[in-house]
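Subject: A structure for you to look at

Hi,

Here is the structure I promised to send you. Have a look around first, and then read on for what I found in it.

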Amino acid sequence: TGSSRPQRMLKAVQKNATKGDPESVISAIDYYCRHKEWAMNVGDEKGLILDSVLTEVNPSTALELGTYCGYSTVRIARLLSPGSKLITVEFNPAFAAVARQIIAYAGLQDKVTLVEGPSGDLIPKMKARFGIKSFDFVFLDHWKDRYVPDTKLLEDCGLVSEGSVLLADNVICPGAPEYLKYVRNSPRYESRYYKSNLEYTKVEDGLEKSVFLG
Ligand SMILES: Cc1cc(-c2n[nH]c(CCNC(=O)c3cc(-c4ccc(F)cc4)cc(O)c3O)n2)ccn1
Ligand SMILES: [Mg+2]
């Protein structure tokens, strides 16, 4: 059997990027996905919005739901201050295997903990397993119908506190309409929409930034 899309993406990184250089890993993936084979990374356009929100928050502990091949994991980890940590959750073992190699190629493995499994099972175990008090930043980029239940789970497990920032990808395409309703109608969140485009396309998409008010 042939290679998979994630495996071909990893090959492109190993061929075109410089080991230990996160910027070159990001560029190699964006080039490959724009010119050779589309893939569901947050991409370069929405990636700039992710970068700016992340720089503003400067989190000590961050959570990413939906690692895929590790593109946004690298984007986030490269901007973390020394001693800060990123936990990323991936459901699909084949995606996780490629992500580990891409994160390591970028030289960011010491800042990242990749856990495999469904978000709904793993979130309640975060405090005990990783000694997390609460997350300063959460990037939601996993199954779109899990955004609301997992946000409620984060609240119920005390994993978000006053000032925690949630940033959700794909709120337009594929879409997370229930999530938009939830955070925009809740008195516990201050929400803002960043209009953009679906990665590597002209289709509208955007990111929703929601600050938890406690
Ligand atoms: C339950 C659970 C799940 C996970 C988990 N891990 N990895 C993911 C990936 C989820 N991401 C997407 O499905 C996604 C899709 C598109 C898309 C696709 C096809 C189109 F035509 C247009 C757009 C675009 C994107 O930007 C996306 O992010 N989920 C991890 C843990 N627990
Ligand atoms: Mg996405």
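The shell around ligand 1 is made up of eight nonpolar, five polar and five charged residues. Please keep in mind that this is a predicted model. Of these 18 residues around ligand 1, the ones that come nearest are Glu-90, Ser-119, Asp-141, Asn-170 and Glu-199. If you want to find the ligand quickly, look in the largest pocket, where ligand 1 sits.

Next, zoom in on the oxygen atoms of ligand 1. One oxygen atom is 2.6 Å from an N or O atom in the side chain of Glu-199. For the side chain of Asp-141, the distance from an N or O atom to an oxygen atom of the ligand is 2.8 Å, and for Asp-169 it is 3.2 Å. On its own, ligand 1 has 680 Å² of accessible area, and the protein covers 80% of that.

Now for the metal. Which residues coordinate the magnesium ion (ligand 2)? They are Asp-141 (OD), Asp-169 (OD) and Asn-170 (OD1), at 2.0 to 2.2 Å. Along the sequence, these donor residues follow the spacing D-x27-D-N. Asp-141 lies in the loop between β4 (135-140) and α8 (147-156), and Asp-169 in the loop between β5 (160-168) and α9 (171-175), so the pair ties together parts that are 28 residues apart in sequence.

Finally, two spots in the backbone are worth a visit. Most peptide bonds are trans, and most residues other than glycine have a negative phi. Against that background, look at the peptide bond from Cys-173 to Pro-174: it is cis, with omega near 5 degrees. Pro-174 lies in helix α9. Then go to Tyr-68, which is not a glycine but has a positive phi of about 55 degrees. You will find Tyr-68 in the loop between β1 (61-65) and α4 (71-77).

Enjoy exploring, and write back with any questions!

Best wishes

Definitions and conventions:
Residues numbered from 1 in each chain as written. Chains lettered and ligands numbered in written order. Predicted model: local features only at pLDDT ≥ 70, side-chain atom pairs only at ≥ 80, totals over all residues. Heavy atoms only, no water. Near = heavy atom within 4 Å. Polar contact = N/O pair within 3.5 Å; in protein donor to acceptor, adjacent residues only side chain to side chain. Areas by Shrake-Rupley, 256 points an atom, 1.4 Å probe, with all protein chains shown as cover. 1 Å grid on protein atoms, 1.4 Å probe; cavity = no way out; pocket = protein on both sides within 12 Å on 5 of 7 lines; lining within 4 Å. Sits in = over half its atoms within 2 Å of the grid points. Nonpolar A, V, L, I, M, F, W, Y, C, P; charged D, E, K, R; others polar. Donors = N, O, S within 2.8 Å, 3.2 Å for Na, K, Ca; no water. Helix = DSSP H or I, 4+ residues; strand = E, 2+ residues; numbered from the N terminus.
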